Amino acid sequence: MKKPAPRRRDSLSRERIVDAAIAILDRDGEDALTFRGLAAHFSTGAGALYHYVAGKDELLSAATNRVITDCLSEAPEEPGPVGSVRGVAVSLWRASEAHPWLGSTLYDDPTRMTAAQIYEAIGSRLSALGVPPDEQFDVCAAIGSYIFGNISQQSANARLAKVLGQAGYDRESYLTEFVRVWRELDPREYPFVHQILERFPTHDDEEQYLAGIDLLLAGISARYPAP
């Protein structure tokens, strides 16, 4: 009598598929995420996965939304209305550090839910900053664009770091080479570039990101005195 096939210890679910997808994305990047690889991970056929997820685009969207939902729910509580917005910005940056693929999927989310989550997290805090309702969209867009742009750059930097690592370089050596080229520029034509050359190779990306957020929030606070 033929023995029945062994049952999987855990039942397949959309949640577990998204968990596995995030783990693959974190470890190996977007190109490594395939339904064949996921099927092998779960010891099942690819057809079983399609019962829960329609395709890779939907899976990437679900993974992105999960990460954003989790990071926004865990945003650090900083004091005051300004601190509340800053906490959202901090949490999103740290999510992009933990999940280097995030910046490349934010704009590709076909459901647009990721942008809605981020806009809601920022926009819902603007009244407490004193921003009038008819100007909140523009203010939210300014903050959101800064965050989205930096997270996307973070993703690009992570891809570059991987390439550099494979070639035997690190970030500082790469930026030092950048500086070497810029140092040859005429200082009369590029005085500011020469002014920042010493800081360029060793600057901290998160510190620079937060400095920009603080400048934005200081400007908003100055324009809209809190009630």
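Colleague: What makes Arg94 and Glu206 a salt bridge?

Modeller: The closest N and O atoms of Arg94 and Glu206 are 3.4 Å apart. A salt bridge needs a side-chain nitrogen of Lys or Arg within 4 Å of a carboxyl oxygen of Asp or Glu, so the pair qualifies. This pair ties together distant parts of the chain: Arg94 sits in helix H5 (residues 80-98) and Glu206 in helix H11 (residues 205-223), 112 residues apart. Helices here are DSSP runs of H or I with at least four residues, numbered from the N terminus. Keep in mind that this is a predicted model, where local features need pLDDT of at least 70, side-chain atom pairs count only at pLDDT 80 or more, and totals for chains, interfaces and linings use all residues. Residues are numbered from 1 along each chain as its sequence is written, and side-chain values use heavy atoms, with hydrogens and water left out.

Colleague: Why is Glu206 called buried?

Modeller: Its relative accessibility is 18%, and buried means under 20% relative accessible area (exposed is over 50%, partly exposed in between; 1.4 Å probe, protein chains only), so Glu206 counts as buried. Arg94, at 44%, counts as partly exposed.

Colleague: How do you know that Glu177 and Arg180 are about one helical turn apart?

Modeller: They are three residues apart in helix H9 (residues 171-183), which means about one helical turn between them. Glu177 is partly exposed at 38%, and so is Arg180 at 42%.

Colleague: What makes Arg188 exposed?

Modeller: Its relative accessibility is 75%, so Arg188 counts as exposed. Asp186, its salt-bridge partner at 3.1 Å, is partly exposed at 29%. Elsewhere, salt bridges that share partners join Glu78, Arg86 and Asp214 into one network. The structure holds 11 salt bridges.

Colleague: Which residues lie nearest the centre of the largest pocket, and what makes a residue part of its lining?

Modeller: Arg171, Phe200, His203, Asp205 and Gln208 lie nearest the centre, among 21 lining residues. A pocket is an open set of points on a 1 Å grid over the protein atoms alone, where a 1.4 Å probe fits, with protein on both sides within 12 Å along at least five of seven lines; lining residues have an atom within 4 Å of a point. H8 gives the most to this lining, with eight residues.

How values were computed: Helix = DSSP H or I, 4+ residues; strand = E, 2+ residues; numbered from the N terminus.
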